[in-house]
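This report describes the pockets and cores of one protein model. Please look over the sequence and the structure first.

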Amino acid sequence: MAVEKTLSIVKPNSTLDNNIGNIIAIFEKNGLRIAGAKLARLSKEKAEGFYIEHKERPFFGELVNFMTSGPVMLMVLEGENAVAKNRELMGATNPANALEGTIRKLYAKSVGENSVHGSDSAAAAEREIAYFFEKHEVVNRF
Ligand code: GDP
């Protein structure tokens, strides 16, 4: 398996619930290292740009409002098969469908306020990391 990088975002419901550390602990226990990290408050423009593919969806406005409602923790995770590993650790988009032990099962409030974002492909990871991080802010750990 290849060492990959992926983008993770701890969403406002989980930064406000003081679960940043609990979520990072899950990544670290499962072989994902932090290669870049920063706490940020997203502007409306930055959040809209990030979710542009969902622009026509009925929940777009709600999603942007939520993502700008509090701090987010932006992280680059690195490890073997990191894109798929992160998605597995996150659990299903709707926490009602998420498996026991996954981040969303443990900490999500609803399908909207679902604690974490994770890139869904290697190409998305590359694009999303570049959207939030300068090159010098990402450290190669492997
Ligand atoms: P993900 O890759 O698992 O995050 O899921 P998607 O790419 O399908 O959706 C992106 C994000 O939009 C999700 O993580 C949710 O925060 C939000 N979202 C998806 N479906 C809904 C919905 O039905 N209602 C609301 N309010 N938000 C949603």
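## Terms and basis

Helices (H or I, at least four residues) and strands (E, at least two) are DSSP runs, numbered from the N terminus. This is a predicted model, in which local features need pLDDT of at least 70 and side-chain atom pairs count only at pLDDT 80 or more, while totals for chains, interfaces and linings use all residues. Residues are numbered from 1 along each chain as its sequence is written, and side-chain values use heavy atoms, with hydrogens and water left out.

## The largest pocket

A pocket is an open set of points on a 1 Å grid over the protein atoms alone, where a 1.4 Å probe fits and protein lies on both sides within 12 Å along at least five of seven lines; lining residues have an atom within 4 Å of a point. The largest pocket holds about 730 Å³ of space, the volume being that filled by probe spheres set on the points. It is lined by 30 residues, and Lys11, Tyr51, His54, Leu63 and His117 are the closest to its centre.

Helix H7 (122-132) contributes four residues to this lining, the most of any element. By type, the lining of the largest pocket has eleven nonpolar, nine polar and ten charged residues. Here Ala, Val, Leu, Ile, Met, Phe, Trp, Tyr, Cys and Pro count as nonpolar, Asp, Glu, Lys and Arg as charged, and the others, Gly among them, as polar.

## His117

His117 belongs to strand E4 (residues 116-118). His117 counts as buried (under 20% relative accessible area, with a 1.4 Å probe and protein chains only) because its relative accessibility is 11%.

Beyond four places in sequence, the contacts (heavy atoms within 4.5 Å) of His117 include Leu7, Phe50, Tyr51 and Glu128.

## The second largest pocket

The volume of the second largest pocket is about 330 Å³. Among its 13 lining residues, Lys5, Glu126, Ile129, Lys135 and Val138 lie nearest the centre. H7 supplies the largest share of this lining, five residues. Seven of the lining residues are nonpolar, one is polar and five are charged.

## Nonpolar cores

A nonpolar core is a set of buried Ala, Val, Leu, Ile, Met, Phe, Trp, Tyr and Cys residues joined through side-chain atoms within 4.5 Å. The largest has 19 residues, of which Leu7, Ile9, Met67, Phe132 and Phe133 touch the most other members. Helix H4 (60-67) gives this core its largest share, five residues.

A second, separate core has 15 residues, including Phe27, Leu32, Ala82 and Ile103.

How values were computed
Buried means under 20% relative accessible area, exposed over 50%, partly exposed in between (1.4 Å probe, protein chains only).
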